[in-house]
Amino acid sequence: MNVQERYDDAMFDFSQGEFDSAKAKLKGILAEDPVQFDAQLSLGMACYRKGDFSAAIAEGHKAERLKPQEQLVHTNLSLFYMKAGYKAKAEHHGLQARIASWKEDKSLPGAKPAGDPELEMAKLQPPPIKPPEKFPDMPWKKKTPAAGGHGNAA
């Protein structure tokens with residue numbers, strides 16, 4: 001089996017509540033490929049499900065070293081610390097998870113980054129504005145009598 005098939009097999013065990021088997025399979029994957037992020041993240045969760053919070057925290061920090069800005073890493077660490085009774089550390093990782101969610105790339109997988117000039121819409125140039133040749137009369141303005149004209153004398 002390739003790594004993905006072995007990972008899927010471990011996750012099947014996890015989904016069936018067979019956490020010891022899942023942990024053993026995930027550790028086997030990590031022994032061959034120590035930077036397999038999904039296996040590392042899942043190993044932490046398997047330890048958590050077994051109630052081994054200190055091991056879950058240790059495995060969670062290993063995942064953090066692989067992807068320090070990953071939202072799920074910090075979400076898991078927050079949960080692990082909370083269950084272990086470390087409220088301040090749980091709050092810290094909860095905040096890190098929120099910050100990571102703000103920073104994450106919201107584009108679709110495989111899409112070019114948002115600032116790609118090839119994908120920019122053409123900017124329409126507004127048509128030139130031509131002022132009117134004669135302004136219309138403005139009946140609301142008072143007309144002033146011409147100098148020396150027929151105005152009211154006081």
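A charge is taken to sit over a ring if NZ of Lys or CZ of Arg is within 6 Å of the ring centre and within 35 degrees of the ring normal. By this criterion, Lys67 lies over the face of Phe37, at 4.6 Å from the ring centre, and Lys89 lies over the face of Tyr86, at 5.9 Å from the ring centre. The model is predicted: local features need pLDDT of at least 70, side-chain atom pairs count only at pLDDT 80 or more, and totals for chains, interfaces and linings use all residues. Residues are numbered from 1 along each chain as its sequence is written, and side-chain values use heavy atoms, with hydrogens and water left out.

**Helix H5**

- Helix H5 covers residues 71-84 and reaches 20 Å from its first C-alpha to its last; helices are DSSP runs (H or I, at least four residues) numbered from the N terminus.
- This reach is close to the expected 20 Å, the expected span being 1.5 Å times one less than the number of residues.
- Among the buried residues of H5 are Val73, Leu77, Phe80 and Tyr81, where buried means under 20% relative accessible area, exposed over 50% and partly exposed in between (1.4 Å probe, protein chains only).
- The cover over the buried residues of H5 includes helix H3 (37-49), helix H4 (53-66) and helix H6 (87-103).
- Gly85 follows H5 and has a positive phi, near 95°.

**Aromatic rings**

- The structure holds 4 aromatic pairs; rings of Phe, Tyr and Trp (its six-membered ring) pair if their centres lie within 6.5 Å, with planes under 30 degrees apart counted as stacked, over 60 as edge-to-face and the rest as tilted.
- One of these pairs joins Tyr81 and Tyr86 edge-to-face, at 6.0 Å centre to centre and 85° between the planes.
- Tyr81 is buried, at 8% relative accessible area, whereas Tyr86 is partly exposed, at 46%.
- Tyr48, Phe53 and Phe80 are linked into a cluster by ring pairs.

**Salt bridges**

- The whole structure contains 6 salt bridges, each a side-chain nitrogen of Lys or Arg within 4 Å of a carboxyl oxygen of Asp or Glu.
- Arg6 and Glu32 form a salt bridge, with their closest N and O atoms 3.0 Å apart.
- Arg6 lies in helix H1 (residues 3-15) and Glu32 in helix H2 (residues 19-32), so this pair ties together parts that are 26 residues apart in sequence.
- Asp9 and Lys25 meet in a salt bridge at 2.8 Å, N to O.
- Because Asp9 belongs to helix H1 and Lys25 to helix H2, the pair ties together parts 16 residues apart in sequence.
- A network of salt bridges links Asp9, Asp13 and Lys25.

Key. Helix = DSSP H or I, 4+ residues; strand = E, 2+ residues; numbered from the N terminus. Contact = heavy atoms within 4.5 Å.
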